[in-house]
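Thanks for making the time, everyone. I would like to walk you through a few local details of one model, so please have a look at it first.

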Amino acid sequence: MQLSIRASLAIHCLILVSEFGETDKITSEKIALSTGTNPVAIRSIMSALKKDGILNVKNGTGGTTLNMPPEEITVYRICNAVKPQFCKNIFHVHTKVSKLCPVGRNIRAVLQHSYSKFESALEDSLKTVTLADMIRDYHMQLEKEK
């Protein structure tokens with residue numbers, strides 16, 4: 001699975017848990033029905049979120065709750081939980097360059113200099129959005145449906 005899919009699924013899981021976890025038993029099967037994804041994939045994502053301390057998952061009888069307030073859970077943290085160091089090496093540099101060409105010899109260093117700036121900017125941006133922000137967006141969408 002690509003990060004974008006894993007991150008989207010993780011956020012979907014967390015919104016479900018936030019909205020219904022205190023009043024309903026949220027299991028991987030229920031989340032799988034909501035996401036249209038295999039329960040095994042959901043369990044893998046939930047396991048990563050639990051390992052990071054974002055979720056509290058009760059094995060056996062089922063049930064999941066958030067381990068911290070949504071305001072403290074950034075999108076960066078969610079992404080990093082489901083794919084550690086996801087922001088590193090997002091951009092790949094072609095490798096079959098000519099060492100005889102001055103551009104070919106130096107292109108990796110040139111590109112990596114800019115690419116590292118892009119990756120840092122992405123990290124910084126993802127740290128500004130929280131699960132609480134996403135939950136607010138969810139509630140706004142519910143209001144639009146009415």
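Let me start with Q85, which counts as exposed because its relative accessibility is 57%, where exposed means over 50% relative accessible area, buried under 20% and partly exposed in between, with a 1.4 Å probe and protein chains only. Q85 sits in the loop between α4 and α5 (102-126), and its phi is near 55°, a positive value in a residue other than glycine. Most residues other than glycine have a negative phi.

On provenance, this is a predicted model, in which local features need pLDDT of at least 70 and side-chain atom pairs count only at pLDDT 80 or more, while totals for chains, interfaces and linings use all residues. Residues are numbered from 1 along each chain as its sequence is written, and side-chain values use heavy atoms, with hydrogens and water left out.

Now to the helices, which are DSSP runs of H or I with at least four residues, numbered from the N terminus. The axes of α3 (residues 39-51) and α4 (residues 75-82) come within 8 Å and cross at roughly 120°, the axes being lines fitted to C-alpha atoms over the stretch in contact, with angles from 0 to 180 degrees between N-to-C directions. I45, A48 and L49 of α3 make the contact with I78, A81 and V82 of α4, contact meaning heavy atoms within 4.5 Å.

Turning to α3 itself, A41, I42, I45, M46, A48 and L49 are buried. They lie on the same side of α3, because they cover an arc of only 155° around the axis, taken from the directions from the helix axis to the C-beta atoms. The face turned away from that buried side carries the exposed residues V40 and K51.

Notes: Helix = DSSP H or I, 4+ residues; strand = E, 2+ residues; numbered from the N terminus.
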